[in-house]
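Subject: Structure handover and what was found in it

Dear colleague,

I am handing over the structure we spoke about, and the sequence and coordinates are shown just below. After that come my notes on what was found, arranged by topic so that you can follow them on screen.

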Amino acid sequence: MAKEKVEKTNEEIIEEKSSEEVENILENDNTSNENNIIEELQSNIQSLTDKNMRIQAEFANYKSRNEQEKTLMFKYEGEALIKQMLEVIDDFERAINMDDNDLSDEVSNFLKGFKMVYTRMIGILDNLGVKEIPVEGKEFDPNFSEAILTDHDENKPENVVLEVLKKGYIYKDKLIRPAMVKVNK
């Protein structure tokens, strides 16, 4: 019996060792599973962090583009109205360029009124930032002028603007209408 007890004890020891080994194996499996889970979670966290950073960058770019568009929109808000007014200005210029020496007093008074209205309109456009492009007598620049006609004047250098047929204008820093000119060839 004592032998059996010792043998049982040895069996128990073997069983205990076996169960310890099984536990160690299970622990190692759990540890490796936990490590795998941790690595997977860290990978997911990294992926989500990258995605979040990209979304934040896209939003910052969108916000910046939106602000630039708003700034440009407000900067040139009156451009359409100004373009329409320039056509009226052209009509006024043609009217006031009439020779008022051959006119009756009544028509001459109308002409003076036209000149006053014209002067006020030019002042308003000037206050808005609309400036006439001075091109007459200068070298032709296709960025600011359109050559409608050509002529030959031996007294002037080639490629110089001889006459402005329709004035050009800049609104703030933007060309809104090129000058239509006659160029020396």
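Before the strand pairings, one term is needed: two strands count as paired if DSSP finds at least two bridges between them. Please also keep in mind throughout that this is a predicted model.

With that term in hand, the bridge partner of Glu146 in S6 is Met180, and this pair belongs to the set of 6 bridges that join strand S2, residues 145–151, to S6, the two strands running parallel. On the pairing between S3 and S6, strand S3, which covers residues 161–166, is joined to S6 by 4 bridges and runs antiparallel to S6, with Val164 standing opposite Val181 of S6. Taken together, these strands make an open sheet of 3 strands in the order S2-S6-S3, and the pairing in this sheet is mixed. Its edge strands are S2 and S3, each of which pairs on one side only, and neighbouring strands of the sheet are turned by 30 degrees against each other on average, if direction is ignored. Strand S6 itself, residues 179–184, is mostly covered, since 5 of its 6 residues are buried.

For the chain as a whole, the secondary structure comes to 3 helices and 6 strands, and along the sequence these follow the pattern α-α-α-β-β-β-β-β-β. Of the 185 residues, 19% count as buried. Among the contacts with a separation of 6 or more, 65% are between residues 24 or more positions apart.

There is another open sheet of 3 strands, with the order S1-S4-S5 and antiparallel pairing. Strand S1 (130–132) and strand S5 (174–177) stand at its edges with a single partner strand each, so one side of each is left without a neighbour in the sheet. Neighbouring strands here are turned by 35 degrees against each other on average, again ignoring direction. Between S4, residues 169–171, and S5 there are 3 bridges, and these two strands run antiparallel; Ile170 stands opposite Leu175 in S5. Helix H2 lies across S1, S4 and S5, and runs at about 50 degrees to S5.

Glu93 lies in H2, which spans residues 79–96, and the residue counts as buried because its relative accessible area is 11%, where the cut-off for buried is under 20%. Leaving aside residues up to four places away in sequence, Glu93 touches Tyr118, Lys167 and Tyr169, and a polar contact of 2.8 Å joins the side chains of Glu93 and Lys167.

Which residues line the largest pocket? Glu93 and Lys167 are both in the lining, together with Asp90, Arg94, Asn97, Val164, Leu165 and Lys166. H2 and S3 each supply at least two residues of this lining, and the space in the pocket is about 150 Å³.

With best wishes

Notes: Residues numbered from 1 in each chain as written. Predicted model: local features only at pLDDT ≥ 70, side-chain atom pairs only at ≥ 80, totals over all residues. Heavy atoms only, no water. Buried < 20%, exposed > 50% of the residue type's maximum accessible area, 1.4 Å probe, protein only. Polar contact = N/O pair within 3.5 Å; in protein donor to acceptor, adjacent residues only side chain to side chain. Contact = heavy atoms within 4.5 Å. Axes fitted to C-alpha atoms, helices over the stretch in contact; angles between N-to-C directions. 1 Å grid on protein atoms, 1.4 Å probe; cavity = no way out; pocket = protein on both sides within 12 Å on 5 of 7 lines; lining within 4 Å. Points joined across faces, edges and corners; volume = space filled by probe spheres on them.
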